[in-house]
Amino acid sequence: SDHMENICGYLMKYTNLVTGWQYRFFVLNNDAGLLEYFVNEQSRHLKPRGTLQLAGAVISPSDEDSHTFTVNAASGEQYKLRATDAKERQHWVSRLQICTQHHTEAIGKNNPPLKSRSFSLASQGSANSPGVQRRLSQNAVSFFNVGHHRLPAGKRVPIIQPDHLVDVREMMSQAEGQQRDLIRSIECLPVSGHLTSLDQDLLMLKATSMATMNCLSDCFHILQLQHASQQKGSLPAGTTISWLEPKISLSNHFKNGAAQNFPAEINKPASVREEQSIAEPCHLTREPEEINPDEELEDTCDDKEDDLGAVEEQRSVILHLLSQLKLGMDLTRVVLPTFILEKRSLLEMYADFMSHPDLFIAITNGATPEERMIRFVEYYLTSFHEGRKGAIAKKPYNPIIGETFRCSWRMPKSEVPTDAGSSFSALSPSEQVILSKDLEGQTELDYYTVKFVAEQVSHHPPVSGFYAECVERKMCVSAHVWTKSKFLGMSIGVTMVGEGLLSLLEHGEEYTFSLPCAYARSILTVPWVELGGKVNINCAKTGYSASINFHTKPFYGGKLHRVTGEVKQNMTNTVVCRVQGEWNNVLEFTYNNGETKYVDLTKLSVTRKRVRPLEKQGPFESRRLWQHVTESLRDGDIDKATEHKRALEERQRNEERLRAETETPWCTKYFLKEGDGWVYHKPLWKTASAAQTQQTDTN
């Protein structure tokens with residue numbers, strides 16, 4: 001490549017706390033894929049003071065300043081470097097990344113296919129590393145060596161018999177036992193001295209061995225399903241195949257690398273047995289449920305998320321996680337450690353986007369199409385601050401398929417901005433009749449009610465549907481979101497695939513909108529969140545649109561959480577409003593008449609949602625479903641939270657396997673599939689249309 005050039009020059013290298021930063025002369029050897037450094041340029045002809053293999057490395061500009069960057073080698077070694085300015089840093093980073101990509105791809109092309117190779121659980125680290133000098137016992141090496149052989153041409157693969165799977169299961173039991181013994185042996189080492197439990201090679205060995213066991217577990221599950229489908233026609237109805245379930249469960253969750261020894265079923269807490277007891281969702285009613293608003297109480301739960309602190313103490317967990325990941329890898333099926341979880345479900349997070357119901361209701365009160373579009377943009381940009389609950393990159397629970405979350409808000413009418421042109425008296429007589437029927441049986445209240453419902457409608461891919469409405473103001477919003485997560489090296493990106501629709505029935509307007517991407521940055525230090533990407537809001541009827549850009553922090557300079565946007569009249573191509581600021585701080589709206597409006601999100605009042613008490617919630621409602629995980633996280637008991645989370649995930653896997661074996665489709669409760677999307681089963685526009693038809697028939 002034209003950009004594959006050998007470069008050299010002085011950079012500052014961080015050595016340790018005592019020595020600090022030192023100038024060293026660095027040489028990028030593109031042909032060999034090496035980054036070497038010397039004491040100075042004059043000693044370049046001598047042996048390098050240090051060398052890093054760039055194949056498989058990750059080059060990351062630092063968030064500390066615009067000069068620093070790190071080179072993280074596949075061996076675990078890291079160089080922390082500092083250039084003289086931002087321009088020089090970008091030059092080094094780009095050249096290193098090009099060289100790294102070239103040699104990483106070359107390894108993949110040059111390696112022989114997996115089927116002709118044998119694998120051994122031997123470390124690939126430095127030959128003089130203490131972790132490499134320690135050798136596994138002969139039994140362990142012989143057990144983990146796997147030979148791959150080809151079947152003779154024309155031979156068919158024999159059908160797997162049940163006793164063969166029993167043998168495989170027993171071998172996996174032995175493997176898990178040996179892997180657990182290996183981890184215990186490493187953990188028993190002292191934390192200081194010549195050979196410690198924090199040795200980089202040993203930490204990587206723990207992580208990669210766990211990733212191997214997870215892979216074997218997935219393969220075994222595929223074999224079980226394959227055999228079940230082969231035997232399906234020959235077994236009488238109702239037959240239970242006892243060997244389908246492994247005798248042991250390969251734990252996917254580790255705290256600081258230590259294996260979790262879950263107690264036997266008889267010793268499990270009642271809450272865990274309860275989580276595993278609902279084995280067949282078809283036994284539960286999937287009929288939509290009408291909630292009595294009087295049963296909902298103002299939410300008193302105030303789960304402030306604690307700082308993750310230094311990730312160094314969770315280093316082996318992070319290494320375990322990284323051992324499963326490759327650049328660009330989809331994280332949908334990756335199990336993340338429990339300590340990074342928020343104390344709420346993703347469905348409840350969507351509800352928290354509605355924490356400013358006064359701004360939501362005020363959209364329809366706009367006197368003109370232009371004002372309504374601007375009000376929608378204002379509401380849209382103020383929704384993310386409370387939905388994120390701070391800048392720390394914690395992750396909400398992944399919803400279980402069939403999980404639901406319902407709540408509502410009561411908003412005093414006096415606190416909602418209004419316009420004379422949108423009062424009830426200004427409605428047409430037929431609209432007044434329809435609205436009166438919607439409110440039939442209710443006394444005149446001094447507040448508006450916004451109702452919200454969300455449901456996890458699909459597990460693979462993970463799709464959530466949510467819907468909110470304000471009957472009194474004849475407006476509703478619905479959306480379906482598919483969360484796609486990808487590993488990006490030193491960060492994780494989450495793309496929100498899907499579309500939302502806001503309906504203002506009073507004006508006959510529909511607004512389509514999309515959602516930005518989210519990024520968890522600095523996952524090896526203290527993770528933080530930022531939003532990125534371009535979103536569009538369009539109203540076909542009025543011809544108004546909005547374009548909003550969420551800016552990610554550049555390599556050098558720039559502000560965090562910056563957002564810019566503009567509202568335009570498409571027919572005349574006129575910009576009627578511009579917005580800039582930070583989505584979690586202050587937003588500035590500038591109108592075409594020269595006026596300016598500031599919105600300080602840190603001072604914006606949050607309306608508490610109303611939810612039913614746990615004892616009145618169904619078993620698949622978010623807070624009741626995750627209550628034991630949440631309680632354990634509040635108590636700081638990560639082990640117990642992991643155990644409860646694992647029980648829920650096991651139950652979901654068992655249900656999914658059962659549906660696959662019986663070819664039973666999943667039935668949703670509140671949302672219906674329409675084309676590529678999902679819609680609420682009883683949207684306000686449908687009920688209003690039915691009421692209008694009924695009124696016409698009566699007349």
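Mentor: Let us begin with burial: a residue is buried under 20% relative accessible area, exposed over 50%, and partly exposed in between, using a 1.4 Å probe and protein chains only. This is a predicted model, in which local features need pLDDT of at least 70 and side-chain atom pairs count only at pLDDT 80 or more, while totals for chains, interfaces and linings use all residues. Residues are numbered from 1 along each chain as its sequence is written, and side-chain values use heavy atoms, with hydrogens and water left out.

Trainee: Is glutamate 655 buried or exposed?

Mentor: Glutamate 655 is buried, because its relative accessible area is 1%. Arginine 651 is buried as well, at 5%. The side chains of these two residues, glutamate 655 and arginine 651, meet in a salt bridge (3.6 Å, N to O). A salt bridge here is a side-chain nitrogen of Lys or Arg within 4 Å of a carboxyl oxygen of Asp or Glu.

Trainee: How many residues apart are glutamate 655 and arginine 651 in helix α14?

Mentor: Helices (H or I, at least four residues) and strands (E, at least two) are DSSP runs, numbered from the N terminus. The two residues are four apart in helix α14 (residues 638-662), so about one helical turn separates them.

Trainee: Which parts does the salt bridge between arginine 623 and aspartate 299 tie together?

Mentor: Their side chains meet at 2.7 Å, N to O. Arginine 623 lies in helix α12 (residues 622-625) and aspartate 299 in the loop between β8 (297-298) and α7 (315-322), so the pair ties together parts 324 residues apart in sequence. Both arginine 623 and aspartate 299 are buried.

Trainee: How should I read the pairing of strands?

Mentor: Strands of a sheet pair through backbone hydrogen bonds, either parallel or antiparallel. Two strands count as paired if DSSP finds at least two bridges between them. Here strand β15 (residues 492-504) pairs with β16 in the antiparallel sense over five bridges, and serine 503 has glutamate 510 of β16 as its bridge partner. The two strands form a hairpin with four residues between them, and glycine 508 in the turn has a positive phi of about 65°.

Trainee: Which residues of strand β16 lie on its covered face?

Mentor: In a regular strand the side chains alternate between the two faces of the sheet. In β16 (residues 509-513), Glu509, Tyr511 and Phe513 form the covered face, whereas Glu510 and Thr512 form the uncovered one.
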